[in-house]
There are 2 protein chains.
Amino acid sequence: MLHLCEKPHFRYSCLMFLIWVFQLVGLNSGFGLNSGLNQSLTYIWPLPCEHTSGNETLTVNPALSLSIIGHGGSFRILREGFRRYKRIIFKFSSGISLKLGVDESYTLFIDKTEGKSVVWETIIEASTIYGALRGLETFSQLCAFDYTTKSVQISRAPWYIKDKPRFAYRGLLLDTSRHHFPVDAIKSIIESMSYAKLNVLHWHIIDTDAFPLEVPAYPKLWNGAYSKWERYTVEDASRIVSFSYYLAWCTAGIHVMAEVDVPGHAESWGTGYPDLWPNATCREPLDVTKNFTFDLISGILSEPPTFVIFYLSLSFTEIREIFPFELFHLGGDEVNTDLWDSFVLTDCWNKTRHVKQWLDDNKMKPKDAYRYFVLKAQEIAISKNWTPVNWEETFNAFAKSLNPRTVVHNWLGPGVCPKAVAKGFKCIFSNQNVWYLDHLDVSWDEVYYAEPLEGIGNKSKQELVIGGEVCMWGETVDTSNVQQTIWPRAAAAAERLWSTEEALSADNITVLQRLQYFRCLLNRRGVQAAPVTNYYARNPPSGSGSCYWQ
Amino acid sequence: MLHLCEKPHFRYSCLMFLIWVFQLVGLNSGFGLNSGLNQSLTYIWPLPCEHTSGNETLTVNPALSLSIIGHGGSFRILREGFRRYKRIIFKFSSGISLKLGVDESYTLFIDKTEGKSVVWETIIEASTIYGALRGLETFSQLCAFDYTTKSVQISRAPWYIKDKPRFAYRGLLLDTSRHHFPVDAIKSIIESMSYAKLNVLHWHIIDTDAFPLEVPAYPKLWNGAYSKWERYTVEDASRIVSFSYYLAWCTAGIHVMAEVDVPGHAESWGTGYPDLWPNATCREPLDVTKNFTFDLISGILSEPPTFVIFYLSLSFTEIREIFPFELFHLGGDEVNTDLWDSFVLTDCWNKTRHVKQWLDDNKMKPKDAYRYFVLKAQEIAISKNWTPVNWEETFNAFAKSLNPRTVVHNWLGPGVCPKAVAKGFKCIFSNQNVWYLDHLDVSWDEVYYAEPLEGIGNKSKQELVIGGEVCMWGETVDTSNVQQTIWPRAAAAAERLWSTEEALSADNITVLQRLQYFRCLLNRRGVQAAPVTNYYARNPPSGSGSCYWQ
């Protein structure tokens, strides 16, 4: 379907079936305490494409085991995922691995064994381990600890669920420049994403405020960090990506898309290397005239071969290996040229003598130099076998010059993806009016009812919208409050990106109740998701009460 | 010193010395990046009673090992604690076990080995494993990952630290009635307490709003829970206490003091047993006339022998075993009688015909019945070998009738502990003007400079103040925001309760900077502590910037 799918990291030589079998015991339902919740709803978030269910309540055997039938993939990952989900299911406590566009579909049956009336089985069928792991997430959401019988139960059995994602790209942006997040905090965010079947962490590593990333070839770059502790080593970066992909029990099946935003939003680069600033008082966009500027970008995107052994015995030779995901974000937003009169930033390039001279010598206006800079950065990324992603300003300013592989990342408002796909570009939907999580006055339902395909009627053009992303810009979030600013609103977008319109169309009435349930599920798993109906996101609960109604 | 110390759970047949030795390598200091932090400060929270330090920077060997010399205690706990601290130190990531009044003192040396100039040793000396574990917390705070050398370092070596707590009781109240907290969330709070050397979790389990606790003898009591999921089984309660005391890696050395607040704050009891209400429309204080009321309190405090086997194979026979801590809190606050004219609550007892009749028959006014109720509950607790704790209203209303073992828990304002200790009662300081964490407008320094011994000059009377407690009432906190409402202000109280006035008197200038550092340490360890200087506690950071300055 997608161009991006053509080079899978994990290739399966043939169709693989995963079958997971264990015994369930049927029992008469009887909740004892009336929970007040509508038991006829399907509390799975995001909602599967198709499902049917019944009226039986089953007890899940703690001796739950995994059988795999089929061949062709890394079963170790699935086994780890199974172990992890078993932990989630049985101690009411807490991921997965993949390639954009990989088949994440699965079928889940919880049914009576043929010919037997009491013994029950669960079967997950999928073509890839990733699909099977998404199925485990779904299964774990069906399991709930019953306080009366003190057993883990599944109600409304038998179940039949057939599911797959609506979009291949389901992203969350994290900004580690406005505030630094410890590696463990980032891992917690990655883990929480897997619960909502989000699959891309867009890591906005660097910005004007701080340059936290180690670049061994240019060791002064991270002098732009806030402090000597608020930094990421290359080993940290590798650890974050490994965590997302396939490490041990935390295999969450999540891509990490790195962003190195140029030429604007880059003042912090010059703390270590002031030559990158046009001049000492006017510090961005980065100096377009110097080879050093591009040598340095090239240096970041292609570390010279180094062999690093850390205590955890990680080693790698190229930054390309640290970020194996095929997309790399090059920013390109809010660049201070004469393109946008509304920007009050100084027009740094025009006002710096040697840059103005260079512009004149090359017969360029600042907007031409902006295009020159962006395209040169794209070339570097493409030479490293990355597909470049740029914020929509680059498309808005010079669509015809952009490399046709460019993925256009919408943010300024509605209507951009229709224009981008009309010109044959792929597009990611992040309309700031609805999907910027730092806009605290956007309510859960405004997030929920945003539609990435709005204004795109043509089916083949629709397929160019690879998905969407909610953006957690960091000005007013740090480790203390990032999870409750992301959640539960990111879950509203996650269902829009995963579940088909057909599956959701019947559910407009109960969506709030299901989202409140999912928020409590996040709380139970250690994620600090805020109450759903707060007027401002992340506000405290307004008074005493049940999690399920706040 | 304290009566409470007379019956230790963990008895040592003789003085035990714990000596922990490993090699450190001295190196020339050289931070590379100027951190902006004042390196001459001592970043240990709470501040030790005495210390000296030097100018050397040492690298901590990842092969860190533990040697124990001495005998008499459960070394397994210390070994687990050591493992845990090793994890904290070496992956920039994250407790301990005891008896109120146990010796928590320790001495920490980080010094050159005698006769050798390059090899360094760390020695922790303590009389109990609890002291040694407090020393490990201190040691872990001295270790910091250096991003330039990529090693864990200790600066300002050699170190000499001699330390012990100022107060035996250093508490935090958690309210699980206004909002339910999942067991894992409670465990996280317990773990975070150990970082600040707090040692008592006051678990306010039940209140008017909800009755979440399972009481097997009276199985309808937890029908007063918000929902069928927002409950605690007896196994959950046992798991929470075990976690605090001595389980595996999470041995945090923290007592759990349970509270069953009677006769007010108890409306939720009647959801399952409406007979406990004076009448259907006037539901508290609990009906003082019925034997059933006291049978039920007795039932909660002394479960009939049961044998419970859960998946984790926990078993116990009495609630007294679940809460082994010698203190048990019986509430007694804000009771709706004619004692307090300012209360707008209906005077339920006077207005319910059968209760009024009983009062008349027994020649009691409501305030007499209040005393009768409180003393009867105290008798039940004492018969189970608990020392009763009551909120100050019981002392204010009938000090002369109170059992002399009663610990008076101050909250209404200043000046109560002086009165209580003058009459020979022990006292816990929780003046709501400064130590109620739900008062969001109380700033970190108002918390910090509160003095539990204010107004008590006599040394022997001072010793009756067993300590203090910050209270996290739950109306506007739930799993989403409890940690950043507790922290960092609880740390301000924790230092007041741990560090001597002498140690702190020299430090009034740098306390904010040290507290900001400790807040970032909490963030690094996964605790969502809020910025320190927020006008309202738990507010988000006001803009981009370093953790160390917010």
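A disulfide here is a pair of cysteine sulfur atoms within 2.5 Å. This is a predicted model: local features need pLDDT of at least 70, side-chain atom pairs count only at pLDDT 80 or more, and totals for chains, interfaces and linings use all residues. Residues are numbered from 1 along each chain as its sequence is written, chains are lettered from A and ligands numbered from 1 in the order written, and side-chain values use heavy atoms, without hydrogens and water.

Six disulfides occur over all chains. In chain A, with the bonded cysteines numbered in sequence order, the pairing runs 1-2, 3-4, 5-6.

Take A:Cys417 and A:Cys427. Their sulfur atoms lie 2.0 Å apart. The link is left-handed, with -75 degrees about the S-S bond. A:Cys417 sits in helix H11 (residues 416-422) and A:Cys427 in strand S15 (residues 426-429) of chain A; helices (H or I, at least four residues) and strands (E, at least two) are DSSP runs, numbered from the N terminus. A:Cys417 counts as buried at 2% relative accessibility. Buried means under 20% relative accessible area, exposed over 50%, partly exposed in between (1.4 Å probe, protein chains only).

In chain B, B:Cys282 is bonded to B:Cys348, S to S 1.9 Å. B:Cys282 lies in the loop between strand S11 (255-259) and helix H5 (291-301), and B:Cys348 in helix H7 (residues 348-351), so the pair ties together parts 66 residues apart in sequence.

A:Cys143 is buried at 8% relative accessibility.
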